[in-house]
Amino acid sequence: VSTQSTWEAVVSTQSTWEAVVSTQSTWEAVVSTQSTWEVDVSSLKPVEVADFEKDDDTNFHIDFITITANMRAYNYRLKPATRHKCKVIAGKIIAALATTTAMITGLVEIEFYKLMLGLQYVHQDKFYNANINLAVPEQTQFFAPDAAERRQESEDPVMGKIIPYPPGWTNWDKLEINVGRDLTIQELVDSFSEMFWGITPTMFFKYGITKQEIADGAGDPLFIEYTPNNIAMAKQMVARAGTSDAVKKQFQAQIDAENTKKARYEQKMSSLVSERYRQLYGELKPASRNYIVLDGDYEDEDGNMASLPYIKYTFGK
């Protein structure tokens, strides 16, 4: 602060100063000596470049622009701007509405009118995708989209026959489970066959899980069918009169390990689905979301592998 006038431009009154730094001790806690201002450059980390995106509120780009712009406005006695105004200016929304945004919106509405008229039932070839390239002087290109691929019965050399339920489902389909409350994993497994064609689930896991998530240790299944170890011989050897104490101890350790494994499995099965999901895959985003999306492995009543769409499981209102 070189002169009194410059100082007054930053802090005009004593009350403003007290709002920023209430006491001299607070100021001394922030800047106690000249050494506080010295920065060890070797400890600084490289700046990460972030692409500006105005429509993603989770990156706080517009919030940062709004705050810094209004700080400058307060310093120079300018009129402050609302967050919406900053977003309009930063994103150049007026220019966008006059070009691609308006064009795409119009083309989408045309296809929507076709749906409202019911043309999907009589003239499926009347629906089109559109390609617009404003960088070259050419007209908009229209072409008929490919139909969604329908799941067909297939044969796997290892897994055997794979049957889709319902027949011919596509990626646009989903199964919904909503009983008005959060089920335990055991309740979900037990009631699944009653909900969907007698299908028995052998595994549930997060839909769309990536290889990176698996590598990071977040790839454990929500549910996997319990396969007990055969400890019949171990029980016989422990009960046998002629077995030595050392051998009995070894077989008893196998029995104890199996009992511990089963107890842990039963504890997991008694957990609520949404709680176990958060433990394995992290908190939901946003936190107010009341559903999760699951995928799984399944068997039908004939023992064949079943192929089902993804599951939208709603656990709250």
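Over which residues does pLDDT stay under 50? It stays under 50 over residues 6-23, for which the model has 11 contacts beyond four places in sequence; a contact means heavy atoms within 4.5 Å.

## Basis and confidence of the model

This is a predicted model, in which local features need pLDDT of at least 70 and side-chain atom pairs count only at pLDDT 80 or more, while totals for chains, interfaces and linings use all residues. Residues are numbered from 1 along each chain as its sequence is written, and side-chain values use heavy atoms, with hydrogens and water left out.

The predictor's confidence in each residue is given as pLDDT, from 0 to 100. The protein chain has a mean pLDDT of 84, and 84% of its residues reach 70 or more. Confidence is lowest in helix H2 (residues 14-20), at a mean of 45, and highest in strand E10 (residues 311-314), at 98. Where pLDDT is low, the predicted coordinates should not be read in detail.

## Overall composition

The protein chain contains 12 helices and 10 strands. These elements are DSSP runs numbered from the N terminus: helices are H or I with at least four residues, and strands are E with at least two. Of the 317 residues in the protein chain, 24% are buried; buried means under 20% relative accessible area, exposed means over 50%, and partly exposed lies in between (1.4 Å probe, protein chains only).

The accessible surface of the protein chain comes to about 23300 Å², and 55% of that surface belongs to carbon and sulfur atoms. Accessible areas come from the Shrake-Rupley method with a 1.4 Å probe, and for residues only the protein chains shown count as cover. Among contacts between residues at least 6 apart in sequence, 52% join residues at least 24 apart.

## The largest nonpolar core

The largest nonpolar core has 29 residues, of which Phe192, Phe204 and Leu222 touch the most other members. At least two residues of this core come from each of strand E5 (175-177), helix H8 (185-195), strand E6 (200-206), helix H12 (273-281), strand E8 (291-299) and E10. Such a core is a set of buried Ala, Val, Leu, Ile, Met, Phe, Trp, Tyr and Cys residues joined through side-chain atoms within 4.5 Å. In soluble globular proteins, nonpolar side chains tend to be buried together.

At the surface, Phe112, Tyr113, Leu115 and Met116 form a nonpolar patch with about 450 Å² of accessible area together. Patches are made of residues with over 30% relative accessible area and no salt bridge; like charges are joined within 9 Å, and nonpolar side chains (Val, Leu, Ile, Met, Phe, Trp, Tyr) within 5 Å. Phe112 belongs to helix H7 (residues 100-116) and is partly exposed, with a relative accessible area of 40%.

Ile104 also lies in helix H7, and at 44% relative accessibility Ile104 counts as partly exposed. Ile104 and Ile132 are 28 residues apart in sequence and 8.6 Å apart in space, C-alpha to C-alpha.

## Salt bridges

The whole structure holds 10 salt bridges, each defined as a side-chain nitrogen of Lys or Arg within 4 Å of a carboxyl oxygen of Asp or Glu. Glu213 and Lys206 meet in one of them, at 2.7 Å, N to O. Lys206 counts as buried at 16% relative accessibility, whereas Glu213 is partly exposed at 23%.

Arg181 and Glu187 meet in a salt bridge at 3.3 Å, N to O; Arg181 is partly exposed at 43%, and Glu187 is partly exposed at 31%. Lys161, partly exposed at 33%, meets Glu153 in a salt bridge at 3.8 Å, N to O. Lys54, Asp55 and Lys87 are linked in a network of salt bridges.

## Backbone features in loops

Most residues other than glycine have a negative phi, and most peptide bonds are trans. The peptide bond from Tyr165 to Pro166 is cis, with omega near -10°, and Pro166 is in the loop between strand E4 (160-164) and E5. The peptide bond from Lys285 to Pro286 is cis as well, with omega near -5°; Pro286 is in the loop between H12 and E8.

Phe60 has a positive phi, near 60°, and is found in the loop between helix H3 (24-30) and helix H4 (61-75). Arg77 has a positive phi near 55° and is in the loop between H4 and helix H5 (83-91). Phe60 is exposed, with a relative accessible area of 55%, and Arg77 counts as exposed at 55% relative accessibility.
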